[in-house]
Every structure is written in C-alpha cells, then in structure tokens.
Amino acid sequence: MVWRVAAASEFLVITGWGIDDIKLAKKAWILPGQSCSRMDLAPVNYDFDVQAMSAEKLPFKLPAVFTIGPRADDPEALIKYARLVNSQGRDSRNVNDLVKGIIEGETRVLAASMTMEEIFKGTKEFKSEVFGKVQLELNEFGLHIYNANVKQLVDIPGHEYFSFLGQKIQQEAANAAKVAVAEATYKGDVGAKQREGLTLQNAAKVDAETKVLSLKQQQYAKQQELQTLAETRVFENTRKAEIAMADAELTKKSAIWTQEAEVAKIQSVNAAKMREAELQRELQIRYAETEMERLRASEVVPATINYEKKVQDAKAQLVQRQQAAEAALFEQQRQSDAITYNAQRTAEARKQAADAEAYAIMKAADARLYETQRQAEGLIAMAEAKAAMVGKLLKQLGGEYRSLHDFLLLDRGIYQDMARLNAEAIKGLSPKISIWDTNSHPHGDGDENGLAGFASNALGQFSHIYKSLPPLLTTVQEQTGITPSTFIATLP
C-alpha cells in the first residue's frame, strides 16, 4: 500500500483491483493490484500550417497556434482525456496528428464552401467558424481550446493571390494619393494664377483708365487754349480743379485696388493656412485612428476573443446539455418501449406456450389413440394369423394336439431355453462319488443266488447296515457340513 499525492496541475489516474473503470483523485492510497499514473492538465501549444483550398480551387496556407488542454472542471471530459489521450503522452506524435487532422479537416471543409474574397474579407467569421467546429470535435477527446491565434493568410508558391491582391490595393492607394496630390497642386496653381491674373487685369484697367482720362484732359486743355485769353485763367483753374479731382479719384481707386490686392493676398495666405489646417486635421485623424486600432488590438481584441470564447463555451455547454437531455429522453423512451415490447412478447410467449401445450396434449392424445388402435389392430391381426397358422398346422398333423404342442415348443425354442437353463444351473458343480463295497459274499453283487443266500442270513443283513453307515455319514458331511454326534461314530 502506497500513499500518492498529485501536484497542483495533475490528477492521479487509478485502475485495477476494486475499480470498475477509471478513478481520478488528487490523493489516494494505492492498494496491491492497482496501477497509478499521473495526468498533467497543463495546456500545450500546437503550431500548424494548415493548407486549404477555396471554392475557386485557389490553395492558400493558414498559420495557426492553438493552446489545447483538458478541462479541469469537467469530470466527464477528464475521464475521456485519461482514457484516450493521457496514455499516449501529450507531446506524442499521435496526439499532434490527431489535433492537426481535426483542424485541417474542418478548415478545408469550411474553406471549400467560400470564395477567396469572402475568406479574405470575413477573416474574423472564418476563424470563429473554424474554432467552433474544431472545439466540437475535440470535445469527444475531453480537450478544450484555451486560446487560438490564426495569423494572416499566406500564399503557396506558384499561387500568389494575396501578394497580387495586396499589390493591387497598395497601387490603388498610391494612385489615389497621387490623384489627391495632383488635385491639390492643381487647385493651388490655378488659384495662384487666378489671383495674379486678377491683379494684372486690375492694374491694366487702372492704367488704361488713367491714360484715357489723361488724353481726354489733354484734348480738353487744347480746346480750351483756343478760347480767349480771358478764359485762360478760368480754364486753368478749372483744369487744376479737375486734375485735383482726378488725382483724388485716382488715389481713391488706387487705394481700392491696393485693398483688393491685399485682400486677395490675405485670402491666398488664409487659404494656404486653411489647407494646411485641413491636412493637419487629417493627420491628427489618422493618428487617432492608428491609436484607436492599437488600443483595439491591445484591449478590444482580447476582450472580443474572451467574449467569443465564453460564447463558444456556452454553446458547447448548451449542446452538451441538449445532447444529455436527448440521450435521457431517448433512454426513457427506449426503456418504455422495451417494457411494452417485453410485456407484449411475454403475453405472446405465454399464449404461444399455452397454444403449444394444448396442441401437444391434443397431438399426444391423438397419438395414444392411434397407437392403441394400431396395437389393437395388430393384436387382432396377429391373433387371426396365429389362429390360421394353428389351424393349418393341426390340419397338417392330422389333428394330433400333442404333436402340435411339441412342434410349437420346438419352433419357439422353449426346449432349447430349458436345456440352456439346466446347463447353467449345474455349471460349476464338482460332485464327489464314493464307492463302497459292502458285499462279503464270494460272489459279486450281481449274482442272484449270492444275494439270496446273504439275505437269508440275519447276521449278514445287520453287517450290511453297519457297512452302509460310513458312506452315508460322509456324504451328509460333504453336502451339508453337518458332523454326526460322537456317540454314533467318530470320523477321521
């Protein structure tokens, strides 16, 4: 008897004497006739490169890393893991091939029903679907996916779909950027040229108006010089006033034009600053989006994975409970059907047994009746045949009943059986024959004259009696074992 204690991440797997199947424990006494091994519950990382093919028959490679281990909170899963996986070792090639086969099978089946564009755009749904189906398969072996990370899809040499697709997207982005830069340059150049043209047009307009006004004034001055000298001073004064007014007007228009030029210059500067502010705002937006993606990758994605994991666990538990409920319902229905079926079969068997017994009794009675009838018929036929035979024999023997009796005894072997029985009766007997000569006459026993002479002699008769006693007593002793009394005679 040995006391064993498992580590924090281990269980003791005990089999043998007194245990029907498998016993899991953290600590236990190991009795003689029992075997104990340790089962490590620490998850193991499995790194695979799964090759699959889309609905367009385009092959691709899916790098994945799965963290898989037994469920420590599910006794049924632990028993499955101990029975099917633990004996082979967690790092064995068989377990590695098992997990890889399940992942490759589910990935290939799902990828075959989706196009490459659907797989590329719906990578998240694709991964979730693969994880869910792989988890359902691993439940049969008591394993659970603690973490799964699927990297970006990779091209297989000779089928560079993702490379070309990336180049296409990159080229489209580059072309869009070039178009945006060209459009911004166009707007800037056109705006600058428009501002310069307006400035030149306004300056030329002012010059032309100035020259026209100057020519008009010169013509008007020449016309006024032809007038009388008396009006010369008035004309000069009027001309000076007009020149002053023209100067004032020119100054006013020059100020307006200068103001418009300054406004246009300010507008140009403000437009450049506004464009710069817009670009700065877009840059800040890009920075914010980048930061948001970083935060999403560092916080939202693990939370999403945890949520999906919990959803998958809940779905798996729901499926297990549904299966357990269905199994219990099926077992109850099966037991009810079995009870009903057994009752029907029992009733049918009893009925069939009763029918068979009645039929057997009836057939036995018929057989006995038929046998009795046939025996009676046989006896009658035999008696008739015997009577006919006896009649014929008696007729042949001339009516001599004694001769018929002897013939029948000889024919049936009665005399032979009697002779055999008599022979067996005396078989083994060894009789002893004693010959005593009691005749004292000179003649033999067969001489009648000698016997007559002996008989006439009384003394001779008395002597004959005494001579016959010894053989008589000897015969009695040999046949019966009785010894005569001593007063008669004493035999040696």
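A: Contact here means heavy atoms within 4.5 Å. The model is predicted.

Q: With which residues is Thr67 in contact, leaving aside its neighbours within four places in sequence?
A: Thr67 is in contact with Pro43, Val44, Asn45, His144, Ile145, Tyr146 and Asn147. Thr67 itself is found in strand β7.

Q: Why is Thr67 called buried?
A: Buried means under 20% relative accessible area. Thr67 has a relative accessible area of 17%, and is therefore buried.

Q: What makes a set of residues a nonpolar core, and which residues have the most contacts inside the largest one?
A: Such a core joins buried residues of the nonpolar kinds through side-chain atoms within 4.5 Å. The largest nonpolar core has 28 residues, and Met39, Phe66 and Ile68 have the most contacts inside it. At least two residues of this core come from each of β2, β6, β7, α1, α2, α4 and β8. The largest share, 5 residues, is supplied by α2. Another core, of 8 residues, lies apart from it and includes Ala6, Leu12, Ile19 and Ile30.

Q: Which residues does Met39 contact, beyond its neighbours within four places in sequence?
A: Met39 is in contact with Ser9, Glu10, Phe11, Val13, Leu24, Leu78, Tyr81, Ala82 and Asn86.

Q: Why are Ile465, Leu469, Leu472, Val476 and Ile482 called a nonpolar patch?
A: Patch residues must have over 30% relative accessible area, and nonpolar side chains are joined within 5 Å. These five residues form such a patch on the surface, with about 420 Å² of accessible area together. One of them, Leu472, lies in helix α10 (residues 458-480).

Key
Residues are numbered from 1 along each chain as its sequence is written. This is a predicted model: local features need pLDDT of at least 70, side-chain atom pairs count only at pLDDT 80 or more; totals for chains, interfaces and linings use all residues. Side-chain values use heavy atoms; hydrogens and water are left out. Buried means under 20% relative accessible area, exposed over 50%, partly exposed in between (1.4 Å probe, protein chains only). Helices (H or I, at least four residues) and strands (E, at least two) are DSSP runs, numbered from the N terminus. Patches are made of residues with over 30% relative accessible area and no salt bridge: like charges are joined within 9 Å, nonpolar side chains (Val, Leu, Ile, Met, Phe, Trp, Tyr) within 5 Å. Accessible areas come from the Shrake-Rupley method with a 1.4 Å probe; for residues, only the protein chains shown count as cover. A salt bridge is a side-chain nitrogen of Lys or Arg within 4 Å of a carboxyl oxygen of Asp or Glu.
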